[in-house]
Amino acid sequence: MRAIFSRRAGTYLMRLLPLQVYGRLLPREVVGLCYHVVSDRGLPHVRHLYPYKTPEQFEADLVYLKRSFRVASYAELVEGRDPNAVHLSFDDGYAECFSVVRPLLLKHGLPCTFFINTDVLDNRRMLAFNRVSLCLDAVERGGADAARVMAGTAREAGAPVDAFATWIRARIRDPDSGAEELLDRLCARLGVDVEGFLANERPYLTTAQVRQMADEGFTMGGHTRMHWHMGSTRGEDRIEREIVESCRVVAEITGDERVPFAFPYDAEGVDRAFLARVLERNPRVGRLFGTGSLRIDAPFMVNRMLADSPPALGRARSNLPGILSGAYLDEFLRPAGAP
Ligand SMILES: [Zn+2]
């Protein structure tokens, strides 16, 4: 409790000083922001996973960033000519990147990098966590019967009935956990029509959209093929294949010589010396992006903080000042060398 109070008090105190001061105290090559989706709809495949901003709230972020920082493109980030610039990025390749985010970025003339899971391009497949969200949606709509189906499946798997969603979301990160099969079984029992959803709702970007976004000046990057957590994936050859293959598919679409890559979830548990060798062997792969907020990492790694969380009470005012000062505070309080 005391820790929570002091963090809140600390964040409040930090807000009294302009963020630029912290940028000077804790200089970073770049301040990375990571979003996933922006929509004013309750997206059934996302809304049970995390909250996200409306277009109005996201535009408030863009206006704030334009006023307070320089927003660097990926190319400018690589050149490294403007420390403490902000870099915007979106992970997972949702269709809203094209239909909602892109028009707002173009309106404000801001660069952005989009990291995509190449196996779901053109809505060929659905990422596991999106299927989990569809199942939770089915349970919400299906009442007691659907809840019983889910509880029965949880019991069969030896999973905690009350925390089944959390349990399965943790397991789908690991491609060898068997959670995918369990999830398919749950979808079938709940009547979740994954193929129908892909065909009708078109939740992910298409190849043509990716090409157009690249033509418009946005940077497109790889994010593995099916969003496995690299630190939970056994075998360095498999990790390398996910990085290289997703970047290769993107390069083929965009024609870019070098393609950045973002680690799904985070880059924890992946040996940095191994990653340096991957980059040496595969000149096509550009910078690697993690989600370690303001942490300094290997020279080829760019960390980012999550910015999806909407402002309290549904306000349209940007909550980025709070997110940024909270991140600087955490970095100040983190003992040297701690992860
Ligand atoms: Zn992701």
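The centres of domain 1 and domain 2, taken over C-alpha atoms, are separated by 28 Å. Domain 1 covers 2–125 + 203–333 and domain 2 covers 128–199, with bounds from an automatic or database domain assignment. Their contact takes 14 residues from domain 1 and twelve residues from domain 2; two residues are in contact if their C-beta atoms, placed from the backbone, lie within 7 Å. The side of domain 1 that touches domain 2 has six nonpolar, six polar and two charged residues. Here Ala, Val, Leu, Ile, Met, Phe, Trp, Tyr, Cys and Pro count as nonpolar, Asp, Glu, Lys and Arg as charged, and the others, Gly among them, as polar.

This is a predicted model, in which local features need pLDDT of at least 70 and side-chain atom pairs count only at pLDDT 80 or more, while totals for chains, interfaces and linings use all residues. Residues are numbered from 1 along each chain as its sequence is written.

Ile253 lies in helix H11 (residues 236–254); helices are DSSP runs (H or I, at least four residues), numbered from the N terminus. Not counting residues up to four places away in sequence, Ile253 touches Thr207, Val210 and Arg211. The C-alpha atoms of Ile253 and Pro160 are separated by 43 Å, the two residues being 93 residues apart along the chain.

How values were computed:
Helix = DSSP H or I, 4+ residues; strand = E, 2+ residues; numbered from the N terminus.
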